[in-house]
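Dear colleague,

I am passing on to you the structure shown just below, and I would be glad if you could look through it with the notes that come after. Please keep it open beside them as you read.

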Amino acid sequence: TACSSKYVLSQMHPMWQGPLAVPGGDRQSPIDIVVRKSVLDSALKPLVPDYDPDTCQQIWNNGYSFLVEYDDTTDKSTLKGGPLQDKFRLCQFHFHWGECNAWGSEHTVDKRLFPAELHMVHWNSDKYSLFEEAVMEDNGLAVIGVFLKVGKRHEGLQKLVDALPAIRHKDSVVEFTRFDPACLLPSNIDDYWTYHGSLTTPPLTESVSWIIMKQHIEVSHDQLAVFRSLLFTSAEEDVQKSMVNNFRVQQPLCGRNVRSSFS
Ligand SMILES: OSc1ccc(O)cc1O
Ligand SMILES: [Zn+2]
């Protein structure tokens, strides 16, 4: 199977020119979460996000998604608890979405797809001094995944949606301040699944403790439509390509356990 071979062909989305094979890839992401196979771990603690909106700096289009970046030079915006032994610093959040509401998430729950998925990326500041260091280590990153469903308008998200037309093209960046990422978390953050995996974009390194929220958030159809108005391509390119379907194909579980914080 794909797990036994030394290399896992990460059938990357055609747009990603990254490595086609990841050495020793036996903990790749994303995966399908099979609820009945997840194992309750009563030792899992509540998650403790502690974010300072003043650390929000900019929003930019990196050609894969759009990222909201935070100042991670101090421990002002942190995540601890849950499955984590150390303190992790928020460095950015981004999303993955589809060309239509029928698909777009990277993880699935019993094969159920969501129209989009939020990733809040943190790195282990107890053990490393830079994200670039932590991203290479197996306990380096902690990423919170939140599923998005289409429904009522998300008031907190609107400030971010209004900034997107200014970063339509790849490599465009604008200042973006005072955004509290906690507003994107569901009301219940105590119920989650957690497993060890990887980035889903290059360099696909196997450094992520994934924390996938059971409860989704709702955004409006129109808000999600603005995500789809972004472009993969830079302003100089002749052919403009809509930034949609920026999700990776699912990867083999390779015997990994998915733990749950709830029964
Ligand atoms: O797409 S997932 C992902 C992307 C970048 C990163 O720094 C961490 C991540 O988990
Ligand atoms: Zn992501």
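This is a predicted model: local features need pLDDT of at least 70, side-chain atom pairs count only at pLDDT 80 or more; totals for chains, interfaces and linings use all residues.

The largest pocket

The largest pocket has a volume of about 570 Å³. It is lined by 30 residues, of which Leu-67, Cys-91, Gln-92, Val-121 and Phe-131 are the closest to its centre. Two or more lining residues come from each of strand 6 (56–61), strand 7 (66–70), strand 9 (88–97), strand 11, helix 1 (131–134) and strand 12. Among these elements, strand 9 gives the most to the lining, with 4 residues. Sorted by class, the lining of the largest pocket holds 16 nonpolar, 11 polar and 3 charged residues.

Aromatic rings

How many aromatic pairs does a search of the whole structure find? The search finds 11 aromatic pairs, and two of them are described here. One is the pair of Phe-114 and Phe-147, which is stacked, with 4.3 Å from centre to centre and 15 degrees between the planes. This pair links distant parts of the chain, since Phe-114 lies in the loop between strand 10 and strand 11 while Phe-147 belongs to strand 12 (residues 141–150), 33 residues apart. Both Phe-114 and Phe-147 are buried.

Another is the pair of Trp-193 and Phe-262, which is edge-to-face, with 5.4 Å from centre to centre and 65 degrees between the planes. Here too the pair links distant parts of the chain, with Trp-193 in strand 14 and Phe-262 in the segment after strand 17 (259–260), 69 residues apart. Trp-193 counts as buried because its relative accessibility is 4%, and Phe-262 counts as buried because its relative accessibility is 13%.

There is also an aromatic cluster made up of Phe-66, Tyr-70, Phe-93, Phe-95, Trp-97, Phe-176, Phe-179 and Phe-227. One of its members, Phe-176, has Lys-159 over its face, at 5.4 Å from the ring centre.

Backbone geometry

Most residues other than glycine have a negative phi, and most peptide bonds are trans. The peptide bond that joins Ser-29 and Pro-30 is cis, with omega at about 0 degrees, and Pro-30 is placed in the loop between strand 2 (21–23) and strand 3 (32–33). The bond from Pro-202 to Pro-203 is likewise cis, with omega near 15 degrees, and Pro-203 is placed in the loop between strand 14 (192–197) and strand 15 (208–213).

As for phi, Asp-110 has a positive value of about 50 degrees although it is not a glycine. Asp-110 sits in the loop between strand 10 (108–109) and strand 11 (116–124), and its relative accessible area of 42% is why it is described as partly exposed. Arg-178, also a residue other than glycine, has a positive phi near 55 degrees, and its place is in the loop between strand 13 (173–175) and strand 14.

Which is Pro-186, buried or exposed? Pro-186, which lies in the loop between strand 13 and strand 14, has a relative accessibility of 6% and so counts as buried. Its C-alpha atom is separated by 27 Å from that of Asp-138, and the two residues are 48 residues apart along the chain.

Glu-236 lies in the loop between helix 3 (221–227) and strand 17, and with a relative accessibility of 65% it counts as exposed. From C-alpha to C-alpha, Glu-236 and Lys-170 are 9.7 Å apart in space, and they are 66 residues apart in sequence.

With kind regards

How values were computed
Residues are numbered from 1 along each chain as its sequence is written. Chains are lettered from A and ligands numbered from 1 in the order in which they are written. Side-chain values use heavy atoms; hydrogens and water are left out. Buried means under 20% relative accessible area, exposed over 50%, partly exposed in between (1.4 Å probe, protein chains only). Rings of Phe, Tyr and Trp (its six-membered ring) pair if their centres lie within 6.5 Å; planes under 30 degrees apart count as stacked, over 60 as edge-to-face and the rest as tilted. A charge sits over a ring if NZ of Lys or CZ of Arg is within 6 Å of the ring centre and within 35 degrees of the ring normal. On a 1 Å grid over the protein atoms alone, a cavity is a set of points where a 1.4 Å probe fits but cannot get out, and a pocket is an open set with protein on both sides within 12 Å along at least five of seven lines; lining residues have an atom within 4 Å of a point. Grid points are joined across faces, edges and corners, and a volume is the space filled by probe spheres set on the points. Ala, Val, Leu, Ile, Met, Phe, Trp, Tyr, Cys and Pro count as nonpolar, Asp, Glu, Lys and Arg as charged, and the others, Gly among them, as polar.
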